[in-house]
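My entries follow in the order I made them.

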Amino acid sequence: MATGRTHRPATRSRGIPEATVARLPLYLRALTALSERSVPTVSSEELAAAAGVNSAKLRKDFSYLGSYGTRGVGYDVEYLVYQISRELGLTQDWPVAIVGIGNLGAALANYGGFASRGFRVAALIDADPAVTGRQVAGIAVQHSDDLEKIISDNGVSIGVITTPPGVAQQVCDRLVAAGVTSILNFAPTVLTVPDGVDVRKVDLSIELQILAFHEQRKAGEEHEGAVPPVAAHQEAGEQGPDGDVPAVMPA
């Protein structure tokens, strides 16, 4: 099996837009669910609905992969699972190192979904001597003093940072210097990396704030949709305080 250090996905070289790349995992998740139910084919409309996108966008995305489906039949589910997995590089072995084995780091280490997608947690790293040596998900936590050697020995190309924000940039710099070219950052801070290094940031507090915005907007819309008492009276034929002029002017 090829490893992530020597074989990179061909996505960018093939000119697939980043927006399409971001949607491929959504399609793969929906297709995997269909595959588990032994569904042989799926229409673009059904798959788009399952992935949460419109069917025209899905067909455009798949055209970049060279998949156009069969009229009247749809898309072959198993073939699309393979094709998208290959495009995303999930048919390869990607050794991953998690740095920062607190609650979140330990939870990620125990997450079973990585292995089924081609991601192998190869190393767990922490700066706390009380944590190092402990077994998490069957892997011994190693001290951050040996980070560079750990990265090299395990051929790691993807690093996951789950440290406190104050040390995240330092950890990032060491990972990059050790040869890591892709970083998933859970620390609530923005990382600076050189060209050629990809960073994806996961900030749960930001996602919750966005949800709070939408909740507030929905509450506001419900409030605006309520009929004010004065307006209700007017609908019943009553006049405003100035006779024929309504107390609340229409928008």
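**Terms first.** I call a residue buried under 20% relative accessible area, exposed over 50%, and partly exposed in between, with a 1.4 Å probe and protein chains only. Helices (H or I, at least four residues) and strands (E, at least two) are DSSP runs, numbered from the N terminus. The model is predicted: local features need pLDDT of at least 70, side-chain atom pairs count only at pLDDT 80 or more, and totals for chains, interfaces and linings use all residues. Residues are numbered from 1 along each chain as its sequence is written, and side-chain values use heavy atoms, with hydrogens and water left out.

**Entry 1, overview.** I counted secondary structure and found ten helices and nine strands. The protein has 251 residues, and 36% of them count as buried. For contacts I used heavy atoms within 4.5 Å. Among contacts between residues at least 6 apart in sequence, 58% join residues at least 24 apart.

Which residues of α3 are buried? In this helix, residues 55-65, I found Ser-55, Leu-58, Asp-61, Phe-62 and Leu-65 buried. They sit on the same side of α3, because they cover an arc of only 120 degrees around the axis. The arc is taken over the directions from the helix axis to the C-beta atoms. An α-helix has 3.6 residues a turn, so residues three or four places apart point the same way. I then asked what the buried residues of α3 pack against. The partners are α1, α2 (44-51), β2 (75-76) and α4.

Asn-54 caps the N-terminal end of α3. One of its side-chain oxygens lies 3.2 Å from the backbone nitrogen of Ala-56. A polar contact is a pair of N or O atoms within 3.5 Å; within protein, one must be able to donate a hydrogen and the other to accept it, and residues adjacent in sequence count only if both atoms are side-chain atoms. Just after α3, I read a positive phi of about 85 degrees at Gly-66.

Beyond its neighbours within four places in sequence, Ser-55 is in contact with Ser-44, Glu-45 and Ala-48.

Ser-44, Leu-47, Ala-48 and Ala-51 are the buried residues here. Why are they on the same side of α2? They are there because they cover an arc of only 100 degrees around the axis. The face turned away from the buried side of α2 carries exposed Glu-46, Ala-49 and Ala-50. The buried residues of α2 pack against α1, β1, α3, β2 and α4. Gly-52 follows α2 with a positive phi, near 80 degrees.

Two packed helices are described by the angle between their axes and the distance between the axes. Axes are lines fitted to C-alpha atoms, for helices over the stretch in contact, and angles run from 0 to 180 degrees between N-to-C directions. For α1 (residues 18-36) and α4 (residues 77-87) I read an angle of about 145 degrees, with the axes 9 Å apart. On the α1 side, the contact includes Leu-24, Tyr-27, Leu-28 and Leu-31. On the α4 side, Val-77, Leu-80, Val-81 and Ile-84 are among the residues in contact.

Is Arg-23 buried or exposed? At 17% relative accessibility, Arg-23 counts as buried. Not counting residues up to four places away in sequence, Arg-23 touches Val-53, Lys-57 and Asp-61.

Ser-38 is not a glycine, yet its phi is positive, about 60 degrees. I placed Ser-38 in the loop between α1 and β1 (41-42). Ser-38 is exposed, with a relative accessible area of 62%. Ala-137 also came up, with a positive phi near 55 degrees. Ala-137 lies in the loop between β5 (135-136) and β6 (139-143). Its relative accessible area is 39%, so Ala-137 is partly exposed.

I found Ser-205 in helix α9 (residues 204-225). It is partly exposed, at 37% relative accessible area. Ser-205 and Pro-188 are 17 residues apart in sequence, and their C-alpha atoms are 8.4 Å apart.
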